[in-house]
There are 2 protein chains.
Amino acid sequence: MPNKKIFLLSGNQLKHVHSLKQKKFREIHRQFLAEGSKLVKEILESPFRVISVYAMAEWLKSNENSLLSKNIPFLEVSEKEMARITALSSPSPVLAIAEIPEQTIPDNITGLVLALDDIRDPGNLGTIIRIADWFGIASVICSENTVDLYNPKVIQATMGSIFRVKVASVNLTEFLSSLPADTKIYGTFTRGENIYSARLDAKGIILIGNESSGISPGLTEKVTDRICIPSHAGSGSHGDHAESLNASIAAAIICSEFRRRKEGSLR
Amino acid sequence: MPNKKIFLLSGNQLKHVHSLKQKKFREIHRQFLAEGSKLVKEILESPFRVISVYAMAEWLKSNENSLLSKNIPFLEVSEKEMARITALSSPSPVLAIAEIPEQTIPDNITGLVLALDDIRDPGNLGTIIRIADWFGIASVICSENTVDLYNPKVIQATMGSIFRVKVASVNLTEFLSSLPADTKIYGTFTRGENIYSARLDAKGIILIGNESSGISPGLTEKVTDRICIPSHAGSGSHGDHAESLNASIAAAIICSEFRRRKEGSLR
(Lines give C-alpha, C1' and ligand atoms only; values in the text may rest on other atoms or scores of the structure.)
Protein backbone atom coordinates (compact mmCIF):
# COMPACT_ATOMS: atom_id res chain seq x y z
CA MET A 1 0.00 0.00 0.00
CA PRO A 2 1.32 3.43 -0.85
CA ASN A 3 1.70 5.90 1.95
CA LYS A 4 -1.30 8.17 2.19
CA LYS A 5 -0.43 11.74 3.05
CA ILE A 6 -2.59 13.00 5.86
CA PHE A 7 -3.20 16.72 5.70
CA LEU A 8 -4.52 18.71 8.57
CA LEU A 9 -6.50 21.90 8.49
CA SER A 10 -4.41 24.72 9.87
CA GLY A 11 -5.84 27.13 12.39
CA ASN A 12 -5.67 29.89 9.79
CA GLN A 13 -7.62 27.87 7.23
CA LEU A 14 -10.29 27.04 9.78
CA LYS A 15 -10.52 30.69 10.75
CA HIS A 16 -10.74 31.82 7.13
CA VAL A 17 -13.57 29.41 6.25
CA HIS A 18 -15.48 30.42 9.38
CA SER A 19 -15.03 34.10 8.61
CA LEU A 20 -16.79 33.63 5.24
CA LYS A 21 -20.00 32.76 7.07
CA GLN A 22 -20.18 36.47 7.90
CA LYS A 23 -21.11 39.12 5.36
CA LYS A 24 -18.43 41.50 6.66
CA PHE A 25 -15.62 39.08 5.89
CA ARG A 26 -17.13 37.98 2.60
CA GLU A 27 -16.95 41.63 1.55
CA ILE A 28 -13.40 42.11 2.79
CA HIS A 29 -12.11 38.97 1.06
CA ARG A 30 -14.57 39.07 -1.89
CA GLN A 31 -15.03 35.33 -1.35
CA PHE A 32 -17.91 32.99 -0.48
CA LEU A 33 -18.58 29.34 0.35
CA ALA A 34 -20.28 26.71 -1.81
CA GLU A 35 -20.92 23.32 -0.23
CA GLY A 36 -22.11 19.94 -1.35
CA SER A 37 -21.36 17.70 -4.33
CA LYS A 38 -24.01 19.22 -6.60
CA LEU A 39 -23.11 22.86 -5.92
CA VAL A 40 -19.37 22.31 -6.18
CA LYS A 41 -19.83 20.35 -9.42
CA GLU A 42 -21.85 23.23 -10.84
CA ILE A 43 -19.43 25.95 -9.74
CA LEU A 44 -16.52 24.01 -11.25
CA GLU A 45 -18.38 23.95 -14.58
CA SER A 46 -19.25 27.66 -14.33
CA PRO A 47 -17.16 30.75 -15.13
CA PHE A 48 -16.76 31.43 -11.38
CA ARG A 49 -13.21 31.37 -10.05
CA VAL A 50 -12.80 28.65 -7.42
CA ILE A 51 -9.99 29.58 -5.01
CA SER A 52 -9.67 26.35 -3.03
CA VAL A 53 -11.49 23.14 -2.19
CA TYR A 54 -11.72 21.12 1.03
CA ALA A 55 -12.97 17.61 0.39
CA MET A 56 -13.22 14.16 1.87
CA ALA A 57 -11.27 11.25 0.35
CA GLU A 58 -14.27 9.68 -1.40
CA TRP A 59 -15.14 12.91 -3.27
CA LEU A 60 -11.52 13.54 -4.20
CA LYS A 61 -11.15 10.06 -5.66
CA SER A 62 -13.46 10.97 -8.54
CA ASN A 63 -12.74 14.71 -8.76
CA GLU A 64 -9.04 15.15 -8.04
CA ASN A 65 -8.09 15.12 -11.73
CA SER A 66 -10.59 17.84 -12.52
CA LEU A 67 -9.11 20.04 -9.77
CA LEU A 68 -5.55 19.35 -10.92
CA SER A 69 -6.37 20.18 -14.54
CA LYS A 70 -7.93 23.46 -13.44
CA ASN A 71 -5.01 24.19 -11.14
CA ILE A 72 -7.26 24.58 -8.10
CA PRO A 73 -5.53 23.98 -4.74
CA PHE A 74 -7.29 21.41 -2.57
CA LEU A 75 -6.95 19.72 0.78
CA GLU A 76 -8.22 16.32 1.84
CA VAL A 77 -10.03 16.57 5.14
CA SER A 78 -11.59 14.00 7.43
CA GLU A 79 -15.31 13.87 8.17
CA LYS A 80 -14.52 15.25 11.61
CA GLU A 81 -12.64 18.21 10.13
CA MET A 82 -15.42 18.82 7.64
CA ALA A 83 -17.88 18.96 10.52
CA ARG A 84 -15.76 21.76 12.01
CA ILE A 85 -15.86 23.96 8.89
CA THR A 86 -19.29 23.31 7.41
CA ALA A 87 -22.01 25.96 7.35
CA LEU A 88 -24.64 23.22 6.92
CA SER A 89 -26.44 21.31 9.63
CA SER A 90 -24.80 18.08 8.44
CA PRO A 91 -21.42 18.26 6.70
CA SER A 92 -21.21 17.47 3.00
CA PRO A 93 -18.26 15.75 1.27
CA VAL A 94 -16.92 18.97 -0.25
CA LEU A 95 -16.64 22.69 0.40
CA ALA A 96 -15.32 25.24 -2.07
CA ILE A 97 -14.16 28.80 -1.54
CA ALA A 98 -14.91 30.94 -4.57
CA GLU A 99 -14.46 34.52 -5.67
CA ILE A 100 -17.45 36.87 -5.58
CA PRO A 101 -17.65 38.10 -9.18
CA GLU A 102 -17.98 41.74 -10.20
CA GLN A 103 -21.66 42.50 -10.44
CA THR A 104 -23.19 43.51 -13.73
CA ILE A 105 -26.26 45.71 -13.71
CA PRO A 106 -28.35 45.65 -16.89
CA ASP A 107 -28.48 49.19 -18.32
CA ASN A 108 -30.72 48.09 -21.12
CA ILE A 109 -33.81 46.06 -20.31
CA THR A 110 -34.17 43.62 -23.20
CA GLY A 111 -36.13 40.92 -21.37
CA LEU A 112 -37.55 40.35 -17.92
CA VAL A 113 -35.60 41.35 -14.81
CA LEU A 114 -36.58 40.50 -11.23
CA ALA A 115 -36.08 43.33 -8.71
CA LEU A 116 -36.26 42.37 -5.03
CA ASP A 117 -37.30 44.95 -2.48
CA ASP A 118 -35.85 43.87 0.88
CA ILE A 119 -36.27 40.10 0.75
CA ARG A 120 -35.00 39.04 4.17
CA ASP A 121 -35.21 35.27 4.21
CA PRO A 122 -32.17 33.53 2.66
CA GLY A 123 -34.34 30.59 1.55
CA ASN A 124 -36.69 32.95 -0.29
CA LEU A 125 -33.83 34.77 -2.02
CA GLY A 126 -32.18 31.53 -3.11
CA THR A 127 -35.49 30.09 -4.29
CA ILE A 128 -36.25 33.23 -6.31
CA ILE A 129 -32.87 33.00 -8.07
CA ARG A 130 -33.68 29.34 -8.87
CA ILE A 131 -37.06 30.41 -10.30
CA ALA A 132 -35.34 33.08 -12.45
CA ASP A 133 -32.97 30.43 -13.79
CA TRP A 134 -35.86 28.06 -14.61
CA PHE A 135 -37.81 30.70 -16.49
CA GLY A 136 -34.82 32.20 -18.29
CA ILE A 137 -34.83 35.52 -16.46
CA ALA A 138 -31.23 36.61 -16.86
CA SER A 139 -30.97 39.18 -14.05
CA VAL A 140 -32.00 39.47 -10.41
CA ILE A 141 -31.43 42.90 -8.88
CA CYS A 142 -31.61 43.14 -5.08
CA SER A 143 -32.15 46.18 -2.90
CA GLU A 144 -29.38 46.92 -0.44
CA ASN A 145 -31.52 45.66 2.44
CA THR A 146 -32.11 42.30 0.81
CA VAL A 147 -30.29 39.47 2.58
CA ASP A 148 -26.71 39.09 1.28
CA LEU A 149 -26.54 37.19 -2.01
CA TYR A 150 -23.51 35.21 -0.87
CA ASN A 151 -24.94 34.07 2.48
CA PRO A 152 -24.33 30.27 2.59
CA LYS A 153 -28.08 29.60 3.01
CA VAL A 154 -28.85 31.66 -0.11
CA ILE A 155 -26.20 29.77 -2.11
CA GLN A 156 -27.64 26.43 -0.94
CA ALA A 157 -31.21 27.41 -1.81
CA THR A 158 -30.24 28.46 -5.35
CA MET A 159 -29.13 24.85 -6.01
CA GLY A 160 -26.47 26.27 -8.34
CA SER A 161 -28.68 28.77 -10.17
CA ILE A 162 -26.59 31.63 -8.76
CA PHE A 163 -23.75 30.46 -11.02
CA ARG A 164 -25.94 31.12 -14.10
CA VAL A 165 -28.25 34.04 -13.26
CA LYS A 166 -26.72 37.52 -13.11
CA VAL A 167 -27.25 38.94 -9.63
CA ALA A 168 -26.53 42.38 -8.23
CA SER A 169 -27.14 44.34 -5.07
CA VAL A 170 -27.93 48.01 -5.68
CA ASN A 171 -29.82 51.04 -4.44
CA LEU A 172 -33.13 49.97 -5.96
CA THR A 173 -34.69 53.43 -6.05
CA GLU A 174 -31.72 54.77 -8.01
CA PHE A 175 -31.73 51.74 -10.30
CA LEU A 176 -35.42 52.05 -11.14
CA SER A 177 -35.06 55.81 -11.62
CA SER A 178 -32.20 55.30 -14.05
CA LEU A 179 -34.31 53.23 -16.45
CA PRO A 180 -35.83 54.68 -19.64
CA ALA A 181 -39.20 56.28 -18.84
CA ASP A 182 -41.14 53.75 -20.93
CA THR A 183 -39.83 50.74 -18.96
CA LYS A 184 -42.67 48.62 -17.60
CA ILE A 185 -42.36 48.03 -13.86
CA TYR A 186 -44.80 45.38 -12.60
CA GLY A 187 -45.64 45.28 -8.90
CA THR A 188 -48.05 43.07 -6.96
CA PHE A 189 -50.68 44.78 -4.83
CA THR A 190 -53.89 43.61 -3.18
CA ARG A 191 -55.75 45.96 -5.49
CA GLY A 192 -54.09 45.34 -8.80
CA GLU A 193 -55.20 44.07 -12.15
CA ASN A 194 -55.85 40.34 -12.23
CA ILE A 195 -52.57 38.83 -13.45
CA TYR A 196 -54.37 36.24 -15.56
CA SER A 197 -55.93 38.93 -17.73
CA ALA A 198 -53.58 41.92 -17.28
CA ARG A 199 -51.38 42.92 -20.19
CA LEU A 200 -47.91 41.47 -19.61
CA ASP A 201 -45.03 42.45 -21.86
CA ALA A 202 -42.06 40.27 -22.70
CA LYS A 203 -39.73 42.86 -21.21
CA GLY A 204 -39.72 44.91 -18.05
CA ILE A 205 -39.08 44.73 -14.32
CA ILE A 206 -41.00 42.43 -12.00
CA LEU A 207 -40.77 44.00 -8.54
CA ILE A 208 -41.18 41.61 -5.58
CA GLY A 209 -41.86 43.17 -2.16
CA ASN A 210 -40.67 42.30 1.31
CA GLU A 211 -42.11 39.20 3.04
CA SER A 212 -44.17 41.10 5.57
CA SER A 213 -44.51 44.68 4.36
CA GLY A 214 -44.67 44.21 0.58
CA ILE A 215 -43.36 46.87 -1.80
CA SER A 216 -41.92 49.81 0.15
CA PRO A 217 -43.67 53.20 -0.15
CA GLY A 218 -40.67 54.81 -1.87
CA LEU A 219 -40.83 52.25 -4.68
CA THR A 220 -44.60 52.07 -5.04
CA GLU A 221 -44.63 55.20 -7.20
CA LYS A 222 -42.16 53.62 -9.62
CA VAL A 223 -44.61 50.83 -10.43
CA THR A 224 -46.25 51.36 -13.83
CA ASP A 225 -48.45 48.24 -13.83
CA ARG A 226 -50.17 47.09 -10.65
CA ILE A 227 -51.06 43.42 -10.79
CA CYS A 228 -52.52 40.94 -8.29
CA ILE A 229 -52.69 37.19 -7.93
CA PRO A 230 -56.36 36.54 -7.25
CA SER A 231 -57.16 34.21 -4.37
CA HIS A 232 -60.06 31.78 -4.68
CA ALA A 233 -62.23 34.39 -3.03
CA GLY A 234 -61.60 36.72 -5.99
CA SER A 235 -59.23 39.56 -6.78
CA GLY A 236 -58.28 41.80 -3.95
CA SER A 237 -60.67 40.31 -1.44
CA HIS A 238 -59.48 39.16 1.99
CA GLY A 239 -62.02 36.75 3.27
CA ASP A 240 -61.68 33.55 5.19
CA HIS A 241 -58.47 32.42 3.55
CA ALA A 242 -54.71 33.02 3.54
CA GLU A 243 -54.01 36.77 3.66
CA SER A 244 -50.97 36.56 1.47
CA LEU A 245 -48.59 34.29 -0.35
CA ASN A 246 -44.95 33.77 0.54
CA ALA A 247 -42.68 36.13 -1.49
CA SER A 248 -41.00 33.34 -3.45
CA ILE A 249 -44.38 31.69 -4.16
CA ALA A 250 -45.73 34.98 -5.52
CA ALA A 251 -42.58 35.40 -7.64
CA ALA A 252 -43.05 31.88 -9.05
CA ILE A 253 -46.69 32.43 -10.00
CA ILE A 254 -45.92 35.78 -11.64
CA CYS A 255 -42.92 34.43 -13.59
CA SER A 256 -44.97 31.41 -14.70
CA GLU A 257 -47.74 33.66 -16.03
CA PHE A 258 -45.22 35.80 -17.96
CA ARG A 259 -43.74 32.56 -19.33
CA ARG A 260 -47.16 31.31 -20.40
CA ARG A 261 -47.87 34.51 -22.33
CA LYS A 262 -44.56 34.28 -24.12
CA GLU A 263 -45.41 30.69 -25.01
CA GLY A 264 -48.72 31.84 -26.43
CA SER A 265 -46.99 34.42 -28.61
CA LEU A 266 -44.65 31.78 -29.97
CA ARG A 267 -47.45 29.73 -31.43
CA MET B 1 -49.21 49.84 43.06
CA PRO B 2 -51.27 46.68 43.16
CA ASN B 3 -49.52 43.47 43.84
CA LYS B 4 -48.78 41.63 40.65
CA LYS B 5 -49.12 37.89 40.90
CA ILE B 6 -46.06 36.20 39.53
CA PHE B 7 -46.74 32.79 38.16
CA LEU B 8 -44.01 30.36 37.50
CA LEU B 9 -43.88 27.60 34.97
CA SER B 10 -43.84 24.27 36.78
CA GLY B 11 -41.36 21.60 35.82
CA ASN B 12 -44.22 19.48 34.48
CA GLN B 13 -45.54 22.26 32.28
CA LEU B 14 -42.09 22.92 30.86
CA LYS B 15 -41.66 19.21 30.21
CA HIS B 16 -45.05 18.93 28.53
CA VAL B 17 -44.45 21.86 26.16
CA HIS B 18 -41.03 20.49 25.25
CA SER B 19 -42.45 17.03 24.63
CA LEU B 20 -44.80 18.46 21.97
CA LYS B 21 -41.81 19.37 19.82
CA GLN B 22 -41.51 15.63 19.17
CA LYS B 23 -43.90 13.74 16.89
CA LYS B 24 -44.05 10.79 19.27
CA PHE B 25 -45.45 12.88 22.11
CA ARG B 26 -47.74 14.87 19.84
CA GLU B 27 -49.29 11.54 18.86
CA ILE B 28 -49.56 10.31 22.46
CA HIS B 29 -51.18 13.53 23.71
CA ARG B 30 -52.97 14.41 20.42
CA GLN B 31 -51.76 17.97 20.99
CA PHE B 32 -49.54 20.46 19.12
CA LEU B 33 -47.98 23.91 19.57
CA ALA B 34 -48.94 27.15 17.83
CA GLU B 35 -46.77 30.18 18.51
CA GLY B 36 -46.84 33.87 17.74
CA SER B 37 -49.52 36.56 17.89
CA LYS B 38 -50.85 35.95 14.38
CA LEU B 39 -51.09 32.17 14.65
CA VAL B 40 -52.66 32.22 18.11
CA LYS B 41 -55.16 34.86 17.03
CA GLU B 42 -56.13 32.67 14.07
CA ILE B 43 -56.42 29.47 16.08
CA LEU B 44 -58.61 31.24 18.64
CA GLU B 45 -60.96 32.27 15.83
CA SER B 46 -60.95 28.75 14.33
CA PRO B 47 -62.91 25.65 15.32
CA PHE B 48 -59.73 24.14 16.80
CA ARG B 49 -59.82 23.39 20.54
CA VAL B 50 -57.16 25.39 22.38
CA ILE B 51 -56.13 23.60 25.56
CA SER B 52 -53.96 26.24 27.21
CA VAL B 53 -52.05 29.42 26.52
CA TYR B 54 -48.72 30.71 27.81
CA ALA B 55 -48.32 34.42 27.21
CA MET B 56 -46.35 37.48 28.19
CA ALA B 57 -48.05 40.33 30.09
CA GLU B 58 -48.28 42.63 27.07
CA TRP B 59 -50.14 40.07 24.96
CA LEU B 60 -52.45 39.14 27.83
CA LYS B 61 -53.42 42.76 28.42
CA SER B 62 -55.33 42.82 25.13
CA ASN B 63 -56.35 39.17 24.92
CA GLU B 64 -57.13 38.03 28.47
CA ASN B 65 -60.87 38.72 28.09
CA SER B 66 -61.06 36.62 24.96
CA LEU B 67 -59.41 33.69 26.78
CA LEU B 68 -61.70 34.10 29.81
CA SER B 69 -64.80 34.19 27.64
CA LYS B 70 -63.72 31.01 25.90
CA ASN B 71 -62.79 29.41 29.22
CA ILE B 72 -59.24 28.69 28.09
CA PRO B 73 -56.71 28.30 30.93
CA PHE B 74 -53.69 30.56 30.60
CA LEU B 75 -50.51 31.44 32.41
CA GLU B 76 -48.56 34.67 32.31
CA VAL B 77 -44.90 33.98 31.71
CA SER B 78 -41.83 36.21 31.63
CA GLU B 79 -39.76 36.69 28.49
CA LYS B 80 -37.12 34.51 30.08
CA GLU B 81 -39.58 31.71 30.68
CA MET B 82 -40.93 32.06 27.16
CA ALA B 83 -37.40 31.66 25.85
CA ARG B 84 -37.26 28.34 27.71
CA ILE B 85 -40.38 26.89 26.11
CA THR B 86 -40.38 28.32 22.59
CA ALA B 87 -39.81 26.17 19.52
CA LEU B 88 -38.82 29.29 17.54
CA SER B 89 -35.38 30.81 17.22
CA SER B 90 -36.59 33.94 19.00
CA PRO B 91 -39.48 33.68 21.47
CA SER B 92 -42.83 35.18 20.57
CA PRO B 93 -45.25 36.80 23.04
CA VAL B 94 -47.62 33.82 23.09
CA LEU B 95 -47.67 30.05 22.76
CA ALA B 96 -50.81 27.92 22.61
CA ILE B 97 -51.29 24.21 23.09
CA ALA B 98 -54.12 22.90 20.93
CA GLU B 99 -55.79 19.60 20.22
CA ILE B 100 -54.96 17.73 17.00
CA PRO B 101 -58.35 17.33 15.32
CA GLU B 102 -59.69 14.09 13.92
CA GLN B 103 -58.64 13.94 10.30
CA THR B 104 -61.22 13.89 7.57
CA ILE B 105 -60.38 12.22 4.28
CA PRO B 106 -62.50 13.26 1.31
CA ASP B 107 -64.28 10.17 -0.06
CA ASN B 108 -65.85 12.15 -2.83
CA ILE B 109 -63.64 14.39 -4.96
CA THR B 110 -65.81 17.41 -5.74
CA GLY B 111 -63.02 19.92 -6.34
CA LEU B 112 -59.23 19.94 -6.36
CA VAL B 113 -57.25 18.03 -3.72
CA LEU B 114 -53.49 18.22 -3.21
CA ALA B 115 -51.78 14.88 -2.50
CA LEU B 116 -48.22 15.04 -1.21
CA ASP B 117 -45.85 12.16 -1.85
CA ASP B 118 -43.17 12.26 0.87
CA ILE B 119 -42.59 16.00 1.22
CA ARG B 120 -39.78 16.11 3.78
CA ASP B 121 -39.11 19.77 4.40
CA PRO B 122 -41.43 21.33 7.04
CA GLY B 123 -41.19 24.73 5.30
CA ASN B 124 -42.34 23.19 2.02
CA LEU B 125 -45.26 21.37 3.65
CA GLY B 126 -46.42 24.50 5.49
CA THR B 127 -46.04 26.63 2.36
CA ILE B 128 -48.07 24.13 0.29
CA ILE B 129 -50.91 24.25 2.84
CA ARG B 130 -50.80 28.06 2.62
CA ILE B 131 -51.00 27.83 -1.20
CA ALA B 132 -54.00 25.47 -0.93
CA ASP B 133 -55.72 27.97 1.36
CA TRP B 134 -55.05 30.83 -1.06
CA PHE B 135 -56.42 28.97 -4.06
CA GLY B 136 -59.40 27.48 -2.26
CA ILE B 137 -58.20 23.88 -2.34
CA ALA B 138 -60.09 22.39 0.59
CA SER B 139 -57.98 19.29 1.24
CA VAL B 140 -54.31 18.37 1.49
CA ILE B 141 -53.62 14.64 1.79
CA CYS B 142 -50.12 13.63 2.88
CA SER B 143 -48.36 10.30 2.48
CA GLU B 144 -47.24 8.66 5.71
CA ASN B 145 -43.62 9.57 4.99
CA THR B 146 -44.40 13.25 4.58
CA VAL B 147 -43.06 15.35 7.47
CA ASP B 148 -45.53 15.48 10.39
CA LEU B 149 -48.33 17.99 9.82
CA TYR B 150 -48.13 19.23 13.40
CA ASN B 151 -44.37 19.81 13.47
CA PRO B 152 -43.94 23.37 14.88
CA LYS B 153 -42.06 24.47 11.73
CA VAL B 154 -44.92 23.27 9.52
CA ILE B 155 -47.47 25.12 11.67
CA GLN B 156 -45.37 28.31 11.46
CA ALA B 157 -44.97 28.09 7.68
CA THR B 158 -48.73 27.67 7.14
CA MET B 159 -49.23 31.12 8.70
CA GLY B 160 -52.58 29.89 10.04
CA SER B 161 -53.78 28.17 6.87
CA ILE B 162 -53.68 24.81 8.64
CA PHE B 163 -56.64 26.00 10.73
CA ARG B 164 -58.73 26.34 7.56
CA VAL B 165 -57.53 23.69 5.10
CA LYS B 166 -58.48 20.04 5.81
CA VAL B 167 -55.30 18.02 6.20
CA ALA B 168 -54.77 14.31 6.61
CA SER B 169 -51.94 11.82 6.72
CA VAL B 170 -52.74 8.52 5.00
CA ASN B 171 -51.34 5.61 3.04
CA LEU B 172 -51.35 7.45 -0.27
CA THR B 173 -51.34 4.34 -2.48
CA GLU B 174 -54.45 3.03 -0.73
CA PHE B 175 -56.11 6.44 -0.84
CA LEU B 176 -55.54 6.87 -4.58
CA SER B 177 -56.65 3.28 -5.22
CA SER B 178 -59.89 3.88 -3.32
CA LEU B 179 -60.99 6.71 -5.62
CA PRO B 180 -63.53 6.22 -8.42
CA ALA B 181 -61.80 4.98 -11.57
CA ASP B 182 -62.59 8.15 -13.52
CA THR B 183 -60.84 10.45 -11.01
CA LYS B 184 -58.22 12.62 -12.69
CA ILE B 185 -54.82 12.35 -11.01
CA TYR B 186 -52.37 14.99 -12.24
CA GLY B 187 -48.66 14.42 -11.74
CA THR B 188 -45.65 16.49 -12.80
CA PHE B 189 -42.98 14.77 -14.86
CA THR B 190 -40.09 16.00 -16.99
CA ARG B 191 -41.85 14.51 -20.00
CA GLY B 192 -45.41 15.56 -19.47
CA GLU B 193 -47.89 17.67 -21.35
CA ASN B 194 -47.16 21.39 -21.18
CA ILE B 195 -49.28 22.61 -18.27
CA TYR B 196 -50.16 25.84 -20.09
CA SER B 197 -51.95 23.92 -22.84
CA ALA B 198 -52.86 20.60 -21.17
CA ARG B 199 -56.50 19.95 -20.35
CA LEU B 200 -57.05 20.71 -16.66
CA ASP B 201 -60.33 19.84 -14.99
CA ALA B 202 -61.91 21.69 -12.08
CA LYS B 203 -61.78 18.53 -9.99
CA GLY B 204 -59.19 15.89 -9.35
CA ILE B 205 -56.00 15.15 -7.46
CA ILE B 206 -52.81 17.17 -7.92
CA LEU B 207 -49.97 14.88 -6.88
CA ILE B 208 -46.76 16.60 -5.73
CA GLY B 209 -43.61 14.48 -5.53
CA ASN B 210 -40.75 14.38 -3.06
CA GLU B 211 -38.17 17.22 -3.12
CA SER B 212 -35.35 15.15 -4.56
CA SER B 213 -36.86 12.00 -6.04
CA GLY B 214 -40.19 13.27 -7.39
CA ILE B 215 -43.25 11.02 -7.56
CA SER B 216 -42.46 7.56 -6.20
CA PRO B 217 -42.56 4.60 -8.62
CA GLY B 218 -45.51 2.99 -6.82
CA LEU B 219 -47.63 6.08 -7.37
CA THR B 220 -46.51 6.88 -10.92
CA GLU B 221 -48.93 4.32 -12.34
CA LYS B 222 -51.85 6.02 -10.57
CA VAL B 223 -51.27 9.24 -12.50
CA THR B 224 -53.84 9.69 -15.27
CA ASP B 225 -52.54 13.02 -16.62
CA ARG B 226 -48.82 13.70 -16.87
CA ILE B 227 -48.08 17.40 -16.96
CA CYS B 228 -44.90 19.47 -16.93
CA ILE B 229 -43.95 23.05 -16.15
CA PRO B 230 -41.86 24.06 -19.16
CA SER B 231 -38.59 25.80 -18.40
CA HIS B 232 -37.41 28.63 -20.63
CA ALA B 233 -35.47 26.08 -22.62
CA GLY B 234 -38.74 24.37 -23.55
CA SER B 235 -40.75 21.44 -22.27
CA GLY B 236 -38.82 18.53 -20.92
CA SER B 237 -35.42 19.84 -21.90
CA HIS B 238 -32.56 20.00 -19.40
CA GLY B 239 -30.07 22.41 -20.75
CA ASP B 240 -28.01 25.08 -19.13
CA HIS B 241 -30.56 26.05 -16.49
CA ALA B 242 -32.08 24.92 -13.19
CA GLU B 243 -32.78 21.18 -13.33
CA SER B 244 -35.88 21.40 -11.22
CA LEU B 245 -38.11 23.64 -9.18
CA ASN B 246 -38.60 23.40 -5.44
CA ALA B 247 -41.66 21.24 -4.56
CA SER B 248 -43.67 24.12 -3.09
CA ILE B 249 -42.82 26.34 -6.08
CA ALA B 250 -44.04 23.66 -8.48
CA ALA B 251 -47.21 23.26 -6.41
CA ALA B 252 -47.81 27.02 -6.57
CA ILE B 253 -47.40 27.22 -10.34
CA ILE B 254 -49.68 24.23 -10.91
CA CYS B 255 -52.39 25.51 -8.54
CA SER B 256 -52.20 28.95 -10.15
CA GLU B 257 -52.71 27.48 -13.62
CA PHE B 258 -55.73 25.44 -12.43
CA ARG B 259 -57.06 28.66 -10.84
CA ARG B 260 -56.59 30.58 -14.08
CA ARG B 261 -58.53 28.01 -16.09
CA LYS B 262 -61.38 28.12 -13.60
CA GLU B 263 -61.37 31.92 -13.93
CA GLY B 264 -61.59 31.59 -17.68
CA SER B 265 -64.60 29.30 -17.40
CA LEU B 266 -66.34 31.79 -15.11
CA ARG B 267 -66.36 34.49 -17.72
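Being a prediction, the model contributes local features only at pLDDT of at least 70 and side-chain atom pairs only at pLDDT 80 or more, while totals for chains, interfaces and linings use all residues. Residues are numbered from 1 along each chain as its sequence is written, with chains lettered from A and ligands numbered from 1 in the order in which they are written.

Chain A carries 10 helices and 10 strands; these are DSSP runs numbered from the N terminus, with H or I and at least four residues for helices, and E and at least two for strands. Along the principal axes, its C-alpha atoms fill a box of roughly 70 × 40 × 40 Å. Of the 267 residues in chain A, 42% are buried, where buried is 20 or more other C-beta atoms within 10 Å of a residue's own, exposed is 12 or fewer, and partly exposed is in between, with C-beta atoms placed from the backbone. Take the contacts in chain A between residues at least 6 apart in sequence, and 75% of them join residues at least 24 apart; a contact here is a pair of residues whose C-beta atoms, placed from the backbone, lie within 7 Å.

Helix 3 of chain A (residues 37-45) has Leu39(A), Val40(A), Glu42(A), Ile43(A) and Leu44(A) buried. Those buried residues pack against strand 1 (31-35), strand 2 (50-55), helix 4 (57-69), strand 4 (94-99) and helix 7 (152-158) of chain A. Then comes Arg49(A), in the loop between helix 3 and strand 2 of chain A. Arg49(A) counts as partly exposed because 13 other C-beta atoms lie within 10 Å. Beyond its neighbours within four places in sequence, Arg49(A) is in contact with Ala98(A) and Glu99(A). Arg49(A) also sits 8.3 Å from Ile100(A), C-alpha to C-alpha, though 51 residues separate the two in sequence.

The largest nonpolar core has 152 residues, and Leu114(A), Ile128(A), Leu114(B) and Ile128(B) touch the most other members. Such a core is a set of buried Ala, Val, Leu, Ile, Met, Phe, Trp, Tyr and Cys residues joined through C-beta atoms within 7 Å. Outside four places in sequence, the contacts of Ile128(A) are Leu114(A), Leu116(A), Ile119(A), Val140(A), Ile208(A), Ser248(A) and Ala251(A).

Where the chains meet, 27 residues of chain B are in contact with 26 residues of chain A. On the chain B side, the elements giving two or more residues are helix 6 (122-135) and helix 10 (247-266). Helix 10 of chain B supplies the largest share, eight residues.

Chain B also has an open sheet of six strands in the order 7-6-5-9-8-10, with parallel pairing; strands pair if DSSP finds at least two bridges between them. Its edges are strand 7 (166-170) and strand 10 (225-228), each pairing on one side only.

Methods
Contact = placed C-beta atoms within 7 Å.
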